[in-house]
Amino acid sequence: MRIGNGAALQYQADVVGEVMVAAIPPARPGWGNRPPHGRCSGAAEPGAGRIDEPDSGIWEIRGEPRMFTHSRVMTWAAFDRGVRAVHGYRLPGAVELWQSARDRVRAEIDAKAVAVEAAGSPRYYGTDEADASLLVLPQVGFCAADDPRMLATVERLEQT
């Protein structure tokens, strides 16, 4: 008998980013400046140990783990929100480590996933497939909605 699904045994790198984005949203007009819970900045810490590990992605793909663009962006977002929590709300955290990790992941994504404007962002490194998870990039602050790379990604998704 089986209880649950195979995802329970998978590493999904986006989860910490999802938590951090929910806990530490970017400043928006009318939202006020209520600080996040003091312990949330530390949620970025688990990502530091697995920063270069491929995962099964948001879609819980069976088979070989890959470097999914969405997962990499959410890894970037986790570190970005940790840095924001330290700088914006004076919460404790390893800000130098998180800044370095954030910037390194950003450079990697720019080089391997979103640098190709003509095709848009790939589903994972080394493929030309795209998927709807990439629509979150502007929502988490990785790029602007009207960034040419994002527009190419949307166009690619509309075509496929």
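Predicted model: local features only at pLDDT ≥ 70, side-chain atom pairs only at ≥ 80, totals over all residues.
**Entry 1: the cavity**

I looked for cavities of 30 Å³ or more, and the count came to one. How much space lies in the largest cavity? I noted about 40 Å³.

Next I looked up the lining. I sorted the lining residues into four nonpolar, four polar and two charged.

**Entry 2: the nonpolar cores**

I moved on to the largest nonpolar core and found 24 residues in it. Those with the most contacts inside this core are V73, W76, A77, I109, L137, V140 and F142. Helices α3 (69-89) and α4 (95-112) each supply at least two residues of the core. Which helix gives the most? My note says α3, with seven residues.

There is also a second, separate core of five residues, and I24, A78, A85 and L91 are among them.

**Entry 3: a visit to R149**

I found R149 in helix α5, which covers residues 148-159. Is R149 buried or exposed? Its relative accessible area is 17%, and buried means under 20%, so I wrote down "buried".

Then I checked what R149 meets. Its side chain makes a polar contact with the side chain of D110, at 3.4 Å. I also looked at G120: this residue is 29 residues from R149 along the chain, yet their C-alpha atoms are separated by 5.5 Å.

Terms used
Residues numbered from 1 in each chain as written. Heavy atoms only, no water. 1 Å grid on protein atoms, 1.4 Å probe; cavity = no way out; pocket = protein on both sides within 12 Å on 5 of 7 lines; lining within 4 Å. Points joined across faces, edges and corners; volume = space filled by probe spheres on them. Nonpolar A, V, L, I, M, F, W, Y, C, P; charged D, E, K, R; others polar. Core = buried A, V, L, I, M, F, W, Y, C linked by side-chain atoms within 4.5 Å. Buried < 20%, exposed > 50% of the residue type's maximum accessible area, 1.4 Å probe, protein only. Helix = DSSP H or I, 4+ residues; strand = E, 2+ residues; numbered from the N terminus. Polar contact = N/O pair within 3.5 Å; in protein donor to acceptor, adjacent residues only side chain to side chain.
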